[in-house]
Structure formats: C-alpha cells, structure tokens
Amino acid sequence: MLERIQTFFQSLNIARPSSEFSPDDPKIAIVALCLQVMKADGRVEASEKAKLRSVLKSHFDLDDGRINDLVKAARSVESEAVDYYRFTSSIKWALDEEQRIELIGILWDIAYADGERSELEDNA
C-alpha cells in the first residue's frame, strides 16, 4: 500500500513552489480532498493524520514545516469551498487519467488508515 502511494506521488509532474503554496497549486487540491475524506465520518483520527503527513513528507520531499504550511493552506481553501469542483477540476488538469485513478486509491488508503470503514466515507 505504501509503495503504491510512493509511486503515485513520485509520478506527479507538479512543480514545487519555493516559498508559499498558491491556492491554485494542485497539491493544495490533493490535500484538501484528503482532508475531506478524513473528516467524512465525523472524526479525524491520529492514524489518518499520520498517513497523510507520511505521504506528503516522502513524496513531495517536504520537511515538517512545509508540510504544516501545505496542510494549513489546504485547510483554509477547503473550509471556504462549497463543493469539490474546485479541487477536482484542478486535479483533472494537473494529473493524467492513470494518476487520477491512483489518487482515488490513495484517498481510500487514508480513509482506511483508522482501521474502520464508515458508510459516510463511501460517499465522500
């Protein structure tokens, strides 16, 4: 499972910004969707947070400070969103079909990181 996540993030052809994350950065959209999946069952478990941080650290080559910045930026954008379109359209333009399919698998990996599957996560 972790190998699949690593392969996915290594295959992304997304430029790494040097300082601040732009709201239109595809990484923001990816993390925002991950946050939505984590919150779908009404609680965010430490295991889900750890899974997300592990993926971001290893595949976007970010240190803890940059991970915090990315998650903070994604939280801000995600909290203002009225639907998923902003995120899915950004991802559609940034990722090819194979990468988008792989992202769906990663979202399920994050949903299952707490060891439980909620019917609410099925709909996220």
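Is K57 buried, exposed or partly exposed? At 42% relative accessibility, K57 counts as partly exposed, where buried means under 20% relative accessible area, exposed over 50%, and partly exposed in between (1.4 Å probe, protein chains only).

## Basis of the model

This is a predicted model, in which local features need pLDDT of at least 70 and side-chain atom pairs count only at pLDDT 80 or more, whereas totals for chains, interfaces and linings use all residues. Residues are numbered from 1 along each chain as its sequence is written, and side-chain values use heavy atoms, with hydrogens and water left out.

## Packing of α2 against α6

Helix α2 covers residues 26–39 and helix α6 covers residues 97–111; helices (H or I, at least four residues) and strands (E, at least two) are DSSP runs, numbered from the N terminus. The two helices pack at an angle of about 40°, their axes being 9 Å apart. Axes are lines fitted to C-alpha atoms, for helices over the stretch in contact, and angles run from 0 to 180 degrees between N-to-C directions. The crossing of α2 past α6 is right-handed, a crossing being left-handed if the near helix is turned anticlockwise from the far one by less than a right angle, and right-handed if clockwise.

On the α2 side, the contact (heavy atoms within 4.5 Å) is made by I30, L33, C34, V37 and M38, and on the α6 side by L103, L107, I110 and A111. These residues divide into nine nonpolar, no polar and no charged. Ala, Val, Leu, Ile, Met, Phe, Trp, Tyr, Cys and Pro count as nonpolar, Asp, Glu, Lys and Arg as charged, and the others, Gly among them, as polar. V37 of helix α2 is buried, with a relative accessible area of 9%. The C-alpha atoms of V37 and W108 are separated by 8.2 Å, although the two residues are 71 residues apart along the chain.

## Packing of α2 against α3

Helices α2 and α3 pack at an angle of about 165°, with 11 Å between their axes. That angle makes α2 roughly antiparallel to α3. The crossing of this pair is right-handed.

V31, C34, L35 and M38 in α2 meet E48, K49, L52 and L56 in α3. The contact of α2 with α3 comprises six nonpolar, no polar and two charged residues.

## Salt bridges

The structure holds seven salt bridges, each defined as a side-chain nitrogen of Lys or Arg within 4 Å of a carboxyl oxygen of Asp or Glu. In one of them, E78 pairs with K39, the closest N and O atoms being 2.8 Å apart. E78 lies in helix α4 (residues 64–80) and K39 in helix α2, so the pair ties together parts that are 39 residues apart in sequence. E78 is buried at 6% relative accessibility, whereas K39 is partly exposed at 41%.

D64 forms a salt bridge with R53 (3.8 Å, N to O). This pair links D64 in helix α4 to R53 in helix α3 (residues 46–59), 11 residues apart. D64 also forms a salt bridge with K57, with 3.4 Å between the closest N and O atoms. D64 is partly exposed at 40% relative accessibility, and R53 is partly exposed at 29%.

How values were computed. Angles under 35 degrees count as roughly parallel, over 145 as roughly antiparallel, 65 to 115 as roughly perpendicular and the rest as oblique.
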